[in-house]
Amino acid sequence: MTLRIFVPRDAAARAVGADRVAAAIVTEARRLDLALELVRTGSRGLFWLEPMVEMETGDGRLAFGPVTPADVPSLLALGPPAAKAHPLCLGRPDDIPFLKRQTRITFARCGVIDPLSLADYRAHGGYRGLARALALGPAATIEEVVRSGLRGRGGAGFPTGIKWRTVAETSTDRRFIVCNADEGDSGTYADRMLMEGDPFGVIEGMTIAGFAVGASKGFVYIRSEYPDAIRVMREAVDIARASGCLGADAAAGGFAFDIEIRVGAGAYVCGEETSLLESLEGRRGQVRAKPPLPAHKGLFGHPTAINNLLTLACVPAILADGAERYAGLGAGRSRGTMPIQLAGNVRHGGLFETPFGLTLGEIVDDIGGGTANGRPVRAVQVGGPLGAYFPRTLFDTPFDYEAFAARDGLLGHGGIVVFDDRVDMARQARFALDFCALESCGKCTPCRIGSIRGTETMDRILRGERVEANLALIEDLCQTLRFGSLCALGGFTPYPVMSALRHFPEDFGRPRLAAAAD
Amino acid sequence: MRQIGSETLPVAWNEPQAAEIVRRHAGQEGALLPILRDLQAAFRCIPPPAVPFVADALNLTRAEVHGVVTFYRDFRAAPAGHRVLKLCRAEACQAMDGERIARRILDRFGLEWGGTTPDGRLTVEATYCLGLCACAPAALLDEVPIGRLNDAAPDELAVEVGT
C-alpha cells in the first residue's frame, strides 16, 4: 500500500526546515523500498510545531511535530499502523487544542489539501460558492454578501457588499476586481498562507466578485517579499485557465473573467488601496485623494472593487453555505470569523481563525500561551505597525472592530505581536515614526515631514533633553498627523506612538501609572 | 566560470535584449513595473540607458520613468552582490531579539545595512516583514526563507554564502 505523507510547502514551514524533512522522507522511503506519495500542502498554521508532518493511517491523518530529518527513520519504521506510538505524535490534527478551538471557514482547506490540485479543491467544497452565485444571479449574489455582514479584512472594515453594489451600479464599459495581497503589516501572514495553501479559494472569490459586479478582469497585487506566494498563485492561475475555470467562459458560467498576477516592488504604502492602483497603472505608489472612491473611479479610471485578499477568500464559503450561517457568527457589527495571527514573542505563534468577540487576554494568554521565553507579557501591538500597543490592563477588550476603536486601537489585518517585559516602549514609539518616514509616499506634508520631525523629537526624548516640552510636541504632532494626512500611513502612525505614551509613561521619563489606572 | 568579483558589475546594456523585454509586454496595461522587473532580472539593476529607452517605448517622459525607478526600493541603480540577504527589522522580529542578531550578522561580514562584501559575494539589506512573523527573527536569502535566527546564524550564513 502506498504511504501518504503530508509536509507543508508554506514559506514559514520551509523557513524552519520543511524542505529538509521532505527530502529525508523521500530518501528514507527509497531506502526502505516503500511506495510513497508525498503531498506538499499549505501550513495548518501551528508554527511552533513546524515542520509538522502528517501521515495517513487507518484512523485518518496523524500529525507529528516539530519534525527534524533525524526523526524521519523512526517515524517511517513505525509506519501507519504504529505511528501513534512515536514520541512526536500529536494525534489527529483536528484534535490538537489550538485547532480544535477554531472555526475554520476561510482557512478550512489550508494545510489539508494539495494547493495546486483543482481536484482536491473541488473535493473539499471548492466551486460550490460560484455555482450558487451563478444560480442566484449577480444582484442576488451581491445582496447575499451584504446580508453576511462581511467587512473588509484589510483593516478599514468597510462593508464588502455595499462596495460591490456601488461598483455594479456605476455605469461604465469596464469594471475591475483588484485583490490586495500587499500584506506588509508586521505580525500578519494570513494572506501569504492562503496564497501558498489554498490559491483556488482566492481565485474563486475573485471570480464570484467579477460575476457579481460585472468585471471581466481581475488583478492580484502581491508584494515582492513573498516569492513563494507569487509562484503558487501564478501556477494556480495557469491551472485555472487551462481547465476553463478562468477565461472567456469562466467555469462554464457564461461570463468572461481572467486574472493577472502583479508583483509589487518593495513599497509598504502600496497596501493603501489608491496607492496600489497607482502602482498597477505603472506610476509611483502615491496615494490619491478621495473622492472619487475607487468604486466609482478606480483602476484606469474605471469602477473597481478593490478588496483585501482575506475578504475575497471569505466569499466562496458565504455563497456556498449562505449568508445566515456566516452572519450567525461574531459579535456586534463584526460578523463572521477573523483569522487572527499570533506573532513575535509568543509561545504558540500561529493562525487562529475564530468568530469575533474573544478578549485580547484570551487570545494572548490562553491561545498564545504567553511569551515564547516565559517572561511576562508587557505589551501587544494589534493591527500592524499602525496599530496601538495594548497593556495588560486592557486585555479585557473584545476582538471586534468597534470595541478596539473605543479603546483607541484598531484590528487592522488581525496581526498581534507580543512583547515581553524587556521592551522599551519609547523605542517602539520612535520606530513607528521612523517607519512612517521610511515608507511615506511623500504626497502629503504631515506624513512626509511630520514623521521625520517626530523621529528627531523622539531622539531628544530618548536622550533626556527637555522631555516634557518634547513630549508635548509629539502629542501636538500626532494630532496633525491624525487629522491632516491623506491616508492611513500618516493618519494612523499616532496609534502606536500615543498608545505607548499613554499606557507606558514610565518609559518616557514620566511617572508610572497606578496599577488600577485605565 | 565567472569570477565572483565581477558579479557586482552591471551586465552590459544591450538594446536588442531590452527591446525584446519591452515587446513581451506589448498590450499589457500599466506595464511599466513588470517591464522594469524584467529589465532588472536581465541586467541585475536598472542601467541608466534603460530610463530613456523605456520612456520612449511607453510614450512616457524620462522624468516619469525615473520617478518610478527611484520610488520603489526593489529597483537598484547598481547590481547587488552575488547573494542578497534580507533581514527583517519589523516589530515581530524586534520582539524576538532580531535587532541584536541582525547586528551580529552585519558584524560577521563587516557590513552596514545595504552594504556589499568587498568580494561581491553578499549584500545585506533591511526589509520590513517577510510574513514569517511566527518564526521570528526571519530572513530571506535570495528567495529561501530562514526563520528563528539565533546566535549560530552569523557563522551558518557565512558557510552558506562562502565567505
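Modeller: Let's start with Y127(A), which sits in the loop between helix 5 (118-123) and helix 6 (128-136) of chain A. Helices here are DSSP runs of H or I with at least four residues, strands are runs of E with at least two, and both are numbered from the N terminus. Before going on, this is a predicted model: local features need pLDDT of at least 70, side-chain atom pairs count only at pLDDT 80 or more, and totals for chains, interfaces and linings use all residues. Residues are numbered from 1 along each chain as its sequence is written, while chains are lettered from A and ligands numbered from 1 in the order in which they are written.

Y127(A) isn't a glycine, yet its phi is positive, near 70 degrees. Y127(A) counts as partly exposed because 19 other C-beta atoms lie within 10 Å. The cut-offs go like this: 20 or more other C-beta atoms within 10 Å of a residue's own means buried, 12 or fewer means exposed, and partly exposed is in between, with C-beta atoms placed from the backbone.

Now set D33(A) beside that residue. D33(A) is in the loop between helix 2 (18-31) and strand 2 (36-41) of chain A, and its phi is also positive, about 60 degrees, although D33(A) is not a glycine. D33(A) has 6 C-beta neighbours inside 10 Å, so it counts as exposed.

In helix 10 itself, 15 of the 15 residues are buried, so the helix is largely enclosed by the rest of the structure.
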